[in-house]
Amino acid sequence: MRTRSLLQRLFGGGLAALLFCALPTFAVLPAGAETATEDCFSDDWSRRIPGCTAVIEGGQATAAEKSQAYAMRALALSLKGQYEDSIGDYDQAIRINPNFAVALNNRAWAYYKWGKGSRGLGDVERALSQQLAISARLA
């Protein structure tokens, strides 16, 4: 029950869905990638999924850019209710960048929405620890 109440408190207000705003945009775009990148960061979910797929599969994105694209596509999938696919993309984003607090947090949210909240508790703890570490460095 502790897990469920913690996840409800953290995600009851849609916290995870809002954290995607913290994802940085791509600093340098390879030639021809502007449209795919724009689509990947679009508010239009029907553009986001193929746009992020193009960034991921295009072969020109850096590891950080790929991680961000996986996380953005995962967010679109989870908001469409495709939690299993979403979690797979979050897994990839976190595999590339193990300290990606937003992806960790949002993967926990996807688990919670999928009815498997206890599986995301470790992600919540890791995400909070990452955010605290960032805050401490900025202080």
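In the predicted model, Lys116 lies over the face of Trp114, at 4.0 Å from the ring centre. Aromatic pairs, by contrast, number zero in the structure.

The structure holds one disulfide, which joins Cys40 to Cys52 with an S to S distance of 2.0 Å. This pair links distant parts of the chain, since Cys40 belongs to helix α3 (residues 34-40) and Cys52 to helix α4 (residues 45-57), the two cysteines being twelve residues apart. The link of Cys40 and Cys52 is right-handed, with 90° about the S-S bond, and both Cys40 and Cys52 are buried.

Helix α8 (residues 121-138) was examined for its length and for the placement of its residues around the axis. At 1.5 Å a residue, the 18 residues of helix α8 should span 26 Å, and this agrees with its end C-alpha atoms, which are 26 Å apart. The buried residues of α8 are Leu121, Asp123, Val124 and Ala127; because these residues cover an arc of only 155° around the axis, they are placed on the same side of α8. An α-helix has 3.6 residues a turn, so residues three or four places apart point the same way.

Key
Residues are numbered from 1 along each chain as its sequence is written. This is a predicted model: local features need pLDDT of at least 70, side-chain atom pairs count only at pLDDT 80 or more; totals for chains, interfaces and linings use all residues. Side-chain values use heavy atoms; hydrogens and water are left out. A disulfide is a pair of cysteine sulfur atoms within 2.5 Å. Helices (H or I, at least four residues) and strands (E, at least two) are DSSP runs, numbered from the N terminus. Buried means under 20% relative accessible area, exposed over 50%, partly exposed in between (1.4 Å probe, protein chains only). Rings of Phe, Tyr and Trp (its six-membered ring) pair if their centres lie within 6.5 Å; planes under 30 degrees apart count as stacked, over 60 as edge-to-face and the rest as tilted. A charge sits over a ring if NZ of Lys or CZ of Arg is within 6 Å of the ring centre and within 35 degrees of the ring normal. The expected span of a helix is 1.5 Å times one less than its number of residues. The arc is that of the directions from the helix axis to the C-beta atoms.
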